[in-house]
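Have the model open while you read.

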Amino acid sequence: MKSRDPESRYLATAVSACRAAGRIQRAAFGAAHAIEHKGEIDLVTRIDKRSEAAILRVIGRAFPSHGVLAEEGGASAGDGEHLWVVDPLDGTTNYSRGFPFFCVSVALARGGRVIVGAVYQPLLGELFTAVRGHGAFLNGKRLRVSAQARLDQAFLATGFPYDIRRSRRNNIGNFTRFATRCLAVRRAGAAALDLAYVAAGRFDGFWELKLRPWDIAAASLMIEEAGGRVTGTNGRPWRLEVRDIVASNGLIHGEMLGVLRGGRTGSRDG
């Protein structure tokens, strides 16, 4: 892309925003953090809030007319056409306990369709990026999803919703079914990074229930641009409002949907 293209400016802004938040997270990693609870097990720290503020400053300076949807409450309608979807710190629980699996996720949707995404793991310095129609990359190297075509040999990832203690639709049944049908399942606690790993071919597939747009937006584009597939649990293409998702290299997607359809904890809105 030429530097004058709008997409180049959008991507540069997403990358700058991710790096600004990443500097804050890297500097404070391992320190004790005051923790607030948004729910029984849904946490927020001052680092989440500082990271979000840094991201919104970068976006606001570059595109003051654009809308924002951010996890910690930063929201504005903007021009009604452009919407930045922001997770300032995906994996807050991990971060607060010194477990090094977390990331920053920034995406831009235009007309409801994600066109730019960036996911940044600041400890490893891994920057995943994508622009619709121009591929997905990790630190400048083009990404491709894996070539694993068999579910029984697939390496999968998932997570559990914050209302796991109260809701029967908590993904535990699905976890059990997949664990007995695939090579292995990992639950590391940062959906955006799990999804970026699907784009990079590290995982062959991912599913989860009750996610939010900021968990999915940026990395969903990376998976598509790397040759994979992202849908709701009903198999229809993913949209910003869909919360239950399946993402894969495309080759095992049908089998994954079949496992989910065979359970009793499937989607009502996916």
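**Notes on helix packing**

1. Start with α4 and α7: the axes of helix α4 (residues 172-179) and helix α7 (residues 253-261) come within 9 Å and cross at roughly 130°. Axes here are lines fitted to C-alpha atoms, for helices over the stretch in contact, and angles run from 0 to 180 degrees between N-to-C directions. Helices are DSSP runs of H or I with at least four residues, strands are E runs of at least two, and both are numbered from the N terminus.

2. Before going on, some bookkeeping: this is a predicted model, with local features needing pLDDT of at least 70 and side-chain atom pairs counted only at pLDDT 80 or more, while totals for chains, interfaces and linings use all residues. Residues are numbered from 1 along each chain as its sequence is written, and side-chain values use heavy atoms, leaving out hydrogens and water.

3. For the labels, under 35 degrees is roughly parallel, over 145 roughly antiparallel, 65 to 115 roughly perpendicular, and the rest oblique. The α4/α7 crossing is right-handed, meaning that the near helix is turned clockwise from the far one by less than a right angle. N174, R177 and F178 of α4 meet M256, V259 and L260 of α7, where contact is heavy atoms within 4.5 Å. By class, the residues of this contact are four nonpolar, one polar and one charged. Ala, Val, Leu, Ile, Met, Phe, Trp, Tyr, Cys and Pro count as nonpolar, Asp, Glu, Lys and Arg as charged, and the others, Gly among them, as polar.

4. Next, α1 (residues 6-28) and α2 (residues 46-62) pack at about 155°, axes 9 Å apart, and are therefore roughly antiparallel. Their crossing is right-handed. Among the α1 residues meeting α2 are A17, A20, A21 and I24, with partners including A54, I55 and V58. The contact residues split into eleven nonpolar, four polar and two charged.

5. What about the length of α1? Its 23 residues should span 33 Å at 1.5 Å a residue, and the end C-alpha atoms are 34 Å apart, which agrees; the expected span is 1.5 Å times one less than the number of residues. Just after α1, G30 takes a positive phi of about 95°.

6. How do α5 (residues 191-199) and α6 (residues 213-225) sit? Their axes come within 8 Å and cross at roughly 0°, which makes them roughly parallel. The contact residues are ten nonpolar, no polar and one charged.

7. Finally, R110 and E7 form a salt bridge (Lys or Arg side-chain nitrogen within 4 Å of an Asp or Glu carboxyl oxygen), with closest N and O atoms 3.6 Å apart. R110 is in strand β6 (residues 103-110) and E7 in α1, so the pair ties together parts 103 residues apart in sequence.
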